[in-house]
Amino acid sequence: MFASNPFAALTETISAEMIQGYVILMAILVVGMTIYDMIHKKSAKYFFAKAKQAEANRVRELGAGDKIGIAVKVATVDVATAGEFCNPMRRISHMLMMWGFILFIVSTVALTFAYTGEAPAIVAQLWHLGAIMVMVGGYWFWFFIRVDVSAEAVSLFRIVQADLFILSLLGTTTFGLLWSIMQSKGDAMWTTIFLALFIISATFLFGGVLWSKFAHMFFKPAAAFNKRVIKADGSRENLPEDFDLTSSEIQKRYPDIPEYMGTNPSYMGLGIKREKPKHY
């Protein structure tokens, strides 16, 4: 079953051109809604305005080599290995979903455009593997890692608009896998039911970008790049430096420190890092 192309049998009732048209329509919805979201929320305008404002606080100018090095770190650390997560369980869950989703999407395009009939076994296997990876990471997140469930004891079954992305993602991969299983068993009724649920979930996933967190996967690399740039050039996004309050130089710069905290301010502790990371 895992080596068979589930879309090949579908072309017996739905033409390959219609299937390809649906995939193209979903891609257009994702791109169009992401651009509209950036325009509507003015996020790109805000992002560049903040970068411009931070220029005045730079302590060093970054060269092309510095920015290429930062881009490589963003690609290998922040994106490929989700290095920004302090919680190791959430990091593994995120990587399973991200890499599983990439495998699922790429192999879907290959199975619907490059191989409308029988496909190389490895391509079909990657489609099934991608779906399973998303399900493992997604259900693990939904039942055990969600902060409002694990840290705030909110019901597992409470659903809000922010859950649209994860639920439609899990619905797409779960119903897609079940559709393939029922198809291989020759169960026509359940094959049709799971195919319909697969299409509905995928439509919500790719057509609901404006109302879900889907667009975040495009914004996060840009935000990670900016975060590393402002740290490297010393602008710190206009935030103050991490001062040593016992330093005479800092107390001379800010003379009210001894007035409020004494000449030898005590260590204030780890702050938010004092507890085991379980928030996001």
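Visitor: Which residue meets the side chain of Asp37 in a salt bridge?

Guide: In this predicted model, the side chain of Asp37 takes part in a salt bridge with an N to O distance of 3.2 Å. The partner is Lys41.

Visitor: Is Asp37 buried or exposed?

Guide: A residue counts as buried when its relative accessible area is under 20%. The value for Asp37 is 4%, so Asp37 is buried.

Visitor: Is Lys41 buried or exposed?

Guide: The cut-off for an exposed residue is a relative accessible area over 50%. Lys41 has 54% relative accessibility, and therefore Lys41 counts as exposed.

Visitor: How many salt bridges does the structure hold?

Guide: The bridge between Asp37 and Lys41 is one of them. Another joins the side chains of Arg58 and Glu61, at 3.2 Å, N to O. The structure holds salt bridges to the number of 6.

Visitor: Which residues are linked with Arg58 in a network of salt bridges?

Guide: The side chain of Arg58 meets that of Glu61 at 3.2 Å, N to O. The side chain of Arg58 also meets that of Asp233, at 3.5 Å, N to O. The residues linked with Arg58 in this network are therefore Glu61 and Asp233, of which Glu61 is exposed at 60% and Asp233 is buried at 4%.

Visitor: How many residues apart in sequence are the parts that Asp233 and Arg58 tie together?

Guide: The side chains of Asp233 and Arg58 meet in a salt bridge. Asp233 lies in the loop between α10 (216–232) and α11 (248–253), whereas Arg58 lies in the loop between α3 (43–54) and α4 (64–79), so the parts tied together are apart in sequence by 175 residues.

Visitor: Which elements give two or more residues to the largest nonpolar core?

Guide: This core has 14 residues, and those that touch the most other members are Phe7, Leu10, Leu111, Trp127, Trp179 and Phe198. The elements that give two or more residues to the core are α1 (6–10), α5 (88–114), α6 (121–145), α8 (164–185) and α9 (188–207).

Visitor: Leaving aside neighbours within four places in sequence, which residues are in contact with Leu111?

Guide: Leu111 is among the residues that touch the most other members of the largest nonpolar core. With its neighbours within four places in sequence left aside, Leu111 is in contact with Asn5, Pro6, Phe7, Thr116, Ala119, Val123, Ala124 and Trp127.

Note on methods. Residues are numbered from 1 along each chain as its sequence is written. This is a predicted model: local features need pLDDT of at least 70, side-chain atom pairs count only at pLDDT 80 or more; totals for chains, interfaces and linings use all residues. Side-chain values use heavy atoms; hydrogens and water are left out. A nonpolar core is a set of buried Ala, Val, Leu, Ile, Met, Phe, Trp, Tyr and Cys residues joined through side-chain atoms within 4.5 Å. Buried means under 20% relative accessible area, exposed over 50%, partly exposed in between (1.4 Å probe, protein chains only). Helices (H or I, at least four residues) and strands (E, at least two) are DSSP runs, numbered from the N terminus. Contact means heavy atoms within 4.5 Å. A salt bridge is a side-chain nitrogen of Lys or Arg within 4 Å of a carboxyl oxygen of Asp or Glu.
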